[in-house]
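Open the model in your viewer and keep the selection tool at hand. This tour goes from one stop to the next and says what to select at each.

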Protein chains: 2
Amino acid sequence: MPDAFKPLLDAVTYDDRGLVVTIVQDHATNEVLMQAYMNEATLKQTLRTGRMTYWSRSRQEVWVKGATSGRAQHVREVRIDCDGDALLFKVRQEGGAACHTGYESCFHRMLGDGRFIVIGERVFDPDEVYKRLN
Amino acid sequence: MPDAFKPLLDAVTYDDRGLVVTIVQDHATNEVLMQAYMNEATLKQTLRTGRMTYWSRSRQEVWVKGATSGRAQHVREVRIDCDGDALLFKVRQEGGAACHTGYESCFHRMLGDGRFIVIGERVFDPDEVYKRLN
């Protein structure tokens, strides 16, 4: 790995599963788009390629964001928290939506008075997008 | 619990430690201030009191943010992600700093070219604040 990444790689504290919490924010709007996990290998791949790459806990595999959907995330900035167990990436989101449901953000449900209020419009119809792939 | 909170409480998926990832954003600037965890009891306490209350993994105890430092966080909005395993709170941060190091955000270290760039100024001197309490 290039020395440029060393301070970050040295500062990360992985949990007992070898994972670090990763928060993803739109670089232009500061909207929080999603939260996922990286392990050491996918963090290095993300830094090397500039493309957000996670560890999928449900599938137990490397998850290059956008490989299936085309909606890749390109790294603009990376920060780390004070105790090193969480990363904050600012990204450019391709296709205007990070969530597999078609919304810009995975956090599109806001609690109102006894019900959820949906934030934003659907950018794509997930049935259409994922049907084409099956 | 008031029925107003039911949709959120029903939608949360706790991990095998009984915890849910909690992301905290400043309601005015959208700056991500910190990331911590809640369990069911501290989530309910947060919703009931309007004051951010976490489960401290290191101390294994309820952590009412600001109880020691005076820097409380007041809930303005709460969102949940698509699979229910992460919460996003927008808060009003008392005292201008969420981090115990004195910075506004726990994510105050940004990776530059081979070194960390510190984001923002120290709002308080942690030695002074926490010395008074010991």
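In which sense do strand β7 of chain A and β5(B) pair, and over how many bridges? Select residues 109-111 of chain A together with β5(B): the pairing is antiparallel, over two bridges. Within this pair, pick A:Met110, whose bridge partner in β5(B) is B:Arg79. Keep in mind throughout that the model is predicted.

**The contact between the chains**

Next, select the residues of chain B that touch chain A. There are 31 of them, in contact with 31 residues of chain A. The elements of chain B that give two or more residues to this side are α1 (6-11), β1 (20-26), β2 (32-38), β5 (73-80), β6 (86-93) and β7 (109-111). Of these, β5(B) gives the most, with four residues. Colour the residues on this side of chain B by type, and they divide into 18 nonpolar, five polar and eight charged.

**How the two copies are related**

Now show both chains whole.

**The nonpolar core**

In general, nonpolar side chains in soluble globular proteins tend to be buried together. Select A:Ile23, A:Val24, A:Leu87, B:Ile23, B:Val24 and B:Leu87: in the largest nonpolar core, which has 58 residues, these touch the most other members. Then centre the view on A:Leu87. Leaving out residues up to four places away in sequence, A:Leu87 touches A:Val20, A:Thr22, A:Ile23, A:Met38, A:Val78 and A:Ile80.

**A:Met34**

Move to strand β2 of chain A, residues 32-38, and pick A:Met34. Is A:Met34 buried or exposed? A:Met34 counts as buried because it has 23 C-beta neighbours inside 10 Å, and the cut-off for buried is 20 or more. Beyond residues up to four places away in sequence, A:Met34 touches A:Val24, A:Ala98, A:Cys99, A:Ser105, A:Cys106 and, from the other chain, B:Asp81.

**Helix α2 of chain A**

Select residues 40-49 of chain A, which form helix α2, and show the side chains. The buried residues here are A:Thr42, A:Leu43, A:Thr46 and A:Leu47. They lie on the same side of α2(A), because they cover an arc of only 140 degrees around the axis. The buried residues of α2(A) pack against β1 (20-26), β2, β3 (53-56), β4 (61-64) and β5 (73-80) of chain A. After the helix comes A:Gly50, with a positive phi near 75 degrees.

**The last stop: a hairpin**

Finally, select β3(A) and β4(A), which pair in the antiparallel sense over four bridges. Here A:Thr53 stands opposite A:Val64 of β4(A). Four residues lie between the strands of this hairpin, where A:Gln60 takes a positive phi near 50 degrees.

How values were computed. Residues are numbered from 1 along each chain as its sequence is written. Chains are lettered from A and ligands numbered from 1 in the order in which they are written. This is a predicted model: local features need pLDDT of at least 70, side-chain atom pairs count only at pLDDT 80 or more; totals for chains, interfaces and linings use all residues. Two residues are in contact if their C-beta atoms, placed from the backbone, lie within 7 Å. Ala, Val, Leu, Ile, Met, Phe, Trp, Tyr, Cys and Pro count as nonpolar, Asp, Glu, Lys and Arg as charged, and the others, Gly among them, as polar. Two strands pair if DSSP finds at least two bridges between them. A residue is buried if 20 or more other C-beta atoms lie within 10 Å of its own, exposed if 12 or fewer, and partly exposed in between; C-beta atoms are placed from the backbone. A nonpolar core is a set of buried Ala, Val, Leu, Ile, Met, Phe, Trp, Tyr and Cys residues joined through C-beta atoms within 7 Å. The arc is that of the directions from the helix axis to the C-beta atoms.
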